[in-house]
Amino acid sequence: QSGLRDGFPLGIAYVAVAFACGIVATKSHLSIFDSFFMSLTNLTSAGQFAGLSLIAAKVSYIEMFITQIIINIRYLIMSCSLSQKYDADLPLIHRAITSFAVTDEMFGVVCCQQGKVSPFYTYGLMFMTIPSWCLGTICGCFSGSLLPKALISALGIVVYSLYFAIIVPPSKHDKVVKYVCLASMVLAVALAYLPYVKSLSSGMRIMIITLVVSSIAAILCPVKDDIAATTAEDTIKAHKEAMKVELYDE
């Protein structure tokens, strides 16, 4: 239920963004079924918009393959991070299914959860977001070019407001999270204007930001092992109880 609840606002934002994606798909001469199938199998707005642009330009499959890898390579890093949120003995089938739901927004939502996360929480997010993304794409395909360009551009702002909704609550309670978010924003602006680096794709810049900021944060503010700490506390308590029993027997 918590996954469905947290996935509901994500679903609303996905409908808005996918609506614009459906309009672009129609302009790229894709059928409604092709557009729907693309949204069903490709849960990334940046990758899908880039793919539609390449389809319209009639590029080769090799070029499209390389472009998609560069844009979406950041999800490899996100997947490694999310694997730490699940139990170590989680079956492979659950890991394989939840890996399909690794998007920027769902990554932020899952990471903000306290402690370990059940795969069924991620399934709740997927149940709300995947149909919403596909529904928005279909609606956009039917609408075609009926809506003005200004409104289509405004729909894309919804997903950015969603990012703030994800990062602001944990930033209020954790200074490390706040500083990491601020550092990421500053570095993102710098990479967008620095020579040589600004020519890189957005996916590559995001990967650089993730590696640099997360590495510095891990060195300066390492996260303690909760399991080890809990085990140590339990051991100390057990020793104290044993000492009490020995004193009582004496």
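**Notebook: helix packing and cores**

I began at Ile-55, which is in contact with Ser-28, Leu-30, Met-38 and Met-64, leaving aside neighbours within four places in sequence. Contact here means heavy atoms within 4.5 Å. I am working on a predicted model, where local features need pLDDT of at least 70, side-chain atom pairs count only at pLDDT 80 or more, and totals for chains, interfaces and linings use all residues. Residues are numbered from 1 along each chain as its sequence is written, and side-chain values use heavy atoms, with hydrogens and water left out.

**Ile-55, continued**

I placed Ile-55 in helix H3, residues 45-57. Helices (H or I, at least four residues) and strands (E, at least two) are DSSP runs, numbered from the N terminus. Ile-55 counts as partly exposed, at 29% relative accessibility. The cut-offs are under 20% relative accessible area for buried, over 50% for exposed, and partly exposed in between (1.4 Å probe, protein chains only). I also checked Ile-55 against His-29: they are 26 residues apart along the chain, and their C-alpha atoms are separated by 9.0 Å.

**Whole chain**

I found 13 helices and zero strands in the protein chain. The chain has 250 residues, and buried residues make up 34% of them. I then looked at contacts between residues at least 6 apart in sequence. Of these, 76% join residues at least 24 apart.

**H1 against H7**

I took helix H1 (residues 2-27) with helix H7 (residues 104-111) next. They pack at an angle of about 165 degrees, with axes 11 Å apart. Axes are lines fitted to C-alpha atoms, for helices over the stretch in contact, and angles run from 0 to 180 degrees between N-to-C directions. H1 and H7 are therefore roughly antiparallel to each other. I use under 35 degrees for roughly parallel, over 145 for roughly antiparallel, 65 to 115 for roughly perpendicular, and oblique for the rest. From H1, Asp-6, Leu-10 and Tyr-14 meet Glu-105, Met-106 and Val-109 of H7. The residues of this contact divide into four nonpolar, no polar and two charged. Ala, Val, Leu, Ile, Met, Phe, Trp, Tyr, Cys and Pro count as nonpolar, Asp, Glu, Lys and Arg as charged, and the others, Gly among them, as polar.

**H1 against H8**

I turned to helix H8, residues 119-143. The axes of H1 and H8 come within 6 Å and cross at roughly 25 degrees. H1 and H8 are therefore roughly parallel to each other. Their contact residues divide into 16 nonpolar, 13 polar and one charged.

I looked up Ile-23, which lies in H1. Ile-23 is buried, with a relative accessible area of 2%. Ile-23 and Cys-139 are 116 residues apart in sequence, yet 8.5 Å apart in space, C-alpha to C-alpha.

**Cores**

Which residues touch the most other members of the largest nonpolar core? I noted Met-106, Val-110, Tyr-121, Leu-125 and Trp-133, in a core of 24 residues. H1, helix H5 (74-82), H7 and H8 each supply at least two residues of this core. The largest share, seven residues, comes from H8. A nonpolar core is a set of buried Ala, Val, Leu, Ile, Met, Phe, Trp, Tyr and Cys residues joined through side-chain atoms within 4.5 Å.

Not counting residues up to four places away in sequence, Tyr-121 touches Ser-2, Gly-3, Asp-6, Val-109, Val-110 and Gln-113. A second, separate core has five residues, including Cys-21, Ala-25, Leu-30 and Leu-52.
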